[in-house]
Each structure stands twice: as C-alpha cells, then as structure tokens.
Amino acid sequence: MNIRRFQPRFGVIAALGMLGGCSAQSALSARATLPTAALVAPQHYIVVTVRNPIDPPSLHAASTTRGYDGVGAYQAGSSARRAARALATKYHLQETSSWPIKMLGVHCLVYALAAGADSQQVVAALARDSRVESVQPLQNFETATAPASYNDPYASLQRNVQQMAIDEAHALTRGAGVRVAVIDTGVDLDHPDLPPHAVTGNFVDQDRRAFDEDAHGTAVAGIIAAVPNNGIGIVGVAPDVQLLLYKACWHAAESGIQAVCNTFTLAQALAAAIDARADIINLSLAGPSDPLLTRLVRRAVQSGTIVVGAVPPDGLRNDFPANIPAVIAVDSIENDNTDASILRAPGRDVISLAPEGHYDFYSGSSLATAEVSGLVALLRAERRHLSAPEAALLLTQSAPASASEAPAETRSSASVAVPVTLMSTPPTQGAAPNACVALAALMHRPDCRPRESD
C-alpha cells in the first residue's frame, strides 16, 4: 500500500457568488434593491439599459467656489429618465428598481412585465427600440459549489465518496443492521472517527497496544464505517454497520503498511466471522490459493454471507480470495483490468483513518475492496437476503462505464504467509459504482431520494 502522511489541518473553504449585469451593486453607488417578487419569480421581470450621457462638470481652475469635493456621484440624467418613463408607458412596464452604471455610461432598470405579457415578445420589441441600449431577461445564477452534506472537515477530500454518490445513498440507508467482518490487521479502537462497540478478536497475539497501532486494518475499517457528521475527519461508506474486527494479519516491519497473514490465523478469523453470522466479510488481502481457506469461504457463502476480496497486483483471479467464484473480486478503477467478472472502485489517494487519531492517504485495491464492502452493506440493509451475484450485478450496472486496470507490481512466489498487497498505478479513466443508482434499482424507485413516507 502506498501511503502519504496527512497532517490534519482544519480549514474553511469559502464560496463567493457574484451576480452579474445591472442587478449588482457597487460599493460606491447608491443602493438599489429588487422587490421580493423579483427574487422569487424572475421570469416576470426584464433588465433594460438606456444610454446615460451626462456631461461632467467643468473642473478647470476656479470653475466652482465649492472646490472639487462637491462633485456629485454619477446619477441618471434627464434624458435617461425620460427614456425610462417612455419605455414603461409604451410597453406597459412597471419600473421596480434602477441603477446608473458609471463604467458603462448607462442607466440600468428592472421592469416588471404586465400580467400575461409574453417575455420573449416584449424583449424582442424593446431590442428594436432605438432608445434601448440593451435588454434581457432577469436571470438567476447559483454559486458553483454543492451544498455540504456533511460537517466532517475532510469530506471534501473524499473523491471516492463523491464518485460513488454516497451522500445521496445515505438519504435512504447507512447500513444499519448489517454486520461487516473485517479480517485484517488490528484497528485503532480508540480512533475518534470510528463507531464504538465493535466486536473484536485477535488471532495473532494478545497485545492490545499492537492491535491499536495497526495501520492497514484501521484504514480499511475507516473506509467502511467512519462516523459522519461528528465534526471531525471523514465519512464512511456504510457508517451504521456493526463492525466485527478480527486481527489475523500483522505488520511485516515496525514501520510501513505492509502486513502478512497465514493459513492458521485467517482460518480462525473466518470461522469467527461465520459463527458471528456476519452479513459481509471483507478480505482486503491477496495470496496463494489455499484449500482450507477456500473451504471456509465456501461455508460462509453457503450460510448467506457475502465475501468481498481484493484482486492481487497482477489483476488476475488466480489467487485467494479472488480465485473463488462466489467471492466478489475487487480491483481499483485506476488499474487497466478488463476482466468483466471483477468489480472496480476508486483506489488511488483515498483518505482514511490512521492510528493515533490521524488520517492518511492510501492507494490500492484494499481500499477499493473496503468501499465495495460498504456498498454491499448499503444494499443488504434494504434487502436482507441479497446474494453476492445480485449485489455484484447491481453495482456493476450502476457504473456508466468500466474502469480500466493495469498491473502495478508482481507478487512474490507462493508461500505459507499471505502478503496483504495494495496496488498503485497512474490513474486512468474509469467509472465507479454509483450507490444511489444501485439502491434505486434494488428498490424499484426512480431515484434514491427519500419520499415523504420513507
């Protein structure tokens, strides 16, 4: 897994909107306001400018006994006012606001149309009138920012959440009642952005400190279930799930994200997940084909559990767990993978949790796998007996196009230890599953926005 340390810095991004044309205000000009009706129904109003030729007062020496401070502000001249009144009379208009624009040499007026008048016909007639410098409808504009769905300060950095329309899907479900088993390294149980009361199991050692300091499992758990709208951190894909956190892997070095597992530890964790009746088992790892682990995964599937597993760096479904047909195999959309049986999700520069209450950027199929586990949890929350093929089909069809994936690195030869690997390749274009579209299809709705009765 590639990782860049992200130092938490809380900032505020301000969005400024500016309304152009003659409804804007200059700090140096007289205030001109519009009636409330114009703000609510602008289609009944038009904007007209007429020429405003005002001869400036003579400013040669001794031309005024008041000095130069008494020169008045730019205002509408008599010819502009006469033109404005004449236009109102001829076209049955009502002047509601006006503002002389010095920099353009015009007087700008907002007229209300007569009841029943055709706006396009009135504008066309005014455009042919020689007294009119310009005419147009009164138009509304919006600031170029979407309304914030979450108060989590790093939510805006979660491109993966935006790509998968997670905020829209959360209007219907956040995964409540679904049990997701994360078989991985340990997890920082005290991280303020993780939900409390997770079920835990340690099949490597009994060192609680080592469990809490593990980075890979912390990142995976954060992708799935980070708490939204708590004023800190990020948003999880399915934040209301019940997490079952089973440590079956350990870090290969004192520092870094690389971790390894073995047949024995993984088998114990899989058995624990089956006994706990997990709805979903997340395996963000890859390694050699293993008969015992394969039997356990098949048993999990037979019991109704959906197993989601990472595709190894070579992008092929030849290794555990992706080599098991019943497993939803996941790769990153940034990789050039054309296997139609593989589901793809964002996997490059994904921000998630890190030990000791920190946040990091990660890259690789482990993150994509966690995202898909979260998406499946959203679907399972609405359809308790949803099968893996049904979930995979819904998510695949929700994406407008498939991501393209290319091998990033080569895994070492098979061994008893199963390396937890993550891919990192230059990004290419691809489409992620859309949680909103998938939910709408599952629930036979036109969209995933809640109805009044929901």
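Which order do the strands of the open sheet of 7 strands follow, and is the pairing parallel or antiparallel? The order is β7-β8-β6-β11-β12-β13-β14, and the pairing is parallel. Before we zoom in, please note that this is a predicted model, in which local features need pLDDT of at least 70 and side-chain atom pairs count only at pLDDT 80 or more, while totals for chains, interfaces and linings use all residues. Residues are numbered from 1 along each chain as its sequence is written, and side-chain values use heavy atoms, with hydrogens and water left out.

View 1. Helices (H or I, at least four residues) and strands (E, at least two) are DSSP runs, numbered from the N terminus, and two strands pair if DSSP finds at least two bridges between them. β7 (199-202) and β14 stand at the edges with a single partner strand each, so one side of each has no neighbour in the sheet. From one strand to the next, the twist averages 20°; axes here are lines fitted to C-alpha atoms, for helices over the stretch in contact, and angles run from 0 to 180 degrees between N-to-C directions. Inside the sheet, β6 (residues 179-184) and β8 (residues 242-247) pair in the parallel sense over 6 bridges, with I183 opposite Y246 in β8.

**View 2. The nonpolar cores.** A nonpolar core is a set of buried Ala, Val, Leu, Ile, Met, Phe, Trp, Tyr and Cys residues joined through side-chain atoms within 4.5 Å. Buried means under 20% relative accessible area, exposed over 50%, and partly exposed in between (1.4 Å probe, protein chains only). The largest nonpolar core has 68 residues, of which I224, V241, L243, I328, V372 and L379 touch the most other members. α10 gives the most to this core, with 10 residues. Apart from it lies another core, of 28 residues, among them A267, A269, A273 and I274. Follow L243 for a closer look: leaving aside neighbours within four places in sequence, its contacts include V180, V182, L194 and I224.

**View 3. The sheet of 4 strands.** This open sheet has the order β3-β4-β2-β5, with antiparallel pairing. The edge strands are β3 (94-101) and β5 (134-137), each pairing on one side only. Here β2 (residues 45-51) and β4 (residues 106-112) pair in the antiparallel sense over 7 bridges, and I46 stands opposite Y111 in β4. Helix α3 (residues 119-127) lies across β2 and β5, running at about 5° to β2.

View 4. The sulfur atoms of C249 and C261 are 1.8 Å apart, and the link is right-handed, with 90° about the S-S bond. C249 lies in strand β9 (residues 249-251) and C261 in strand β10 (residues 259-262), so the pair ties together parts that are 12 residues apart in sequence. Both cysteines, C249 and C261, are buried.

View 5. β15 (residues 350-354) is mostly covered, with 5 of its 5 residues buried. β15 and β16 (residues 358-363) pair in the antiparallel sense over 5 bridges, and V350 stands opposite Y362 in β16. The hairpin has 3 residues between its strands, and E356 in the turn has a positive phi of about 65°.

**View 6. Helix α12 and its ends.** In α12 (residues 435-442), 6 of its 8 residues are buried: A435, C436, A438, L439, A440 and L442. Their cover includes α5 (166-169), α10 (365-382) and α11 (388-398). N434 caps the N-terminal end of α12, with a side-chain oxygen 3.0 Å from the backbone nitrogen of C436. After α12 comes H444, whose phi is positive, near 55°.

Key:
Contact means heavy atoms within 4.5 Å. A polar contact is a pair of N or O atoms within 3.5 Å; within protein, one must be able to donate a hydrogen and the other to accept it, and residues adjacent in sequence count only if both atoms are side-chain atoms. A disulfide is a pair of cysteine sulfur atoms within 2.5 Å.
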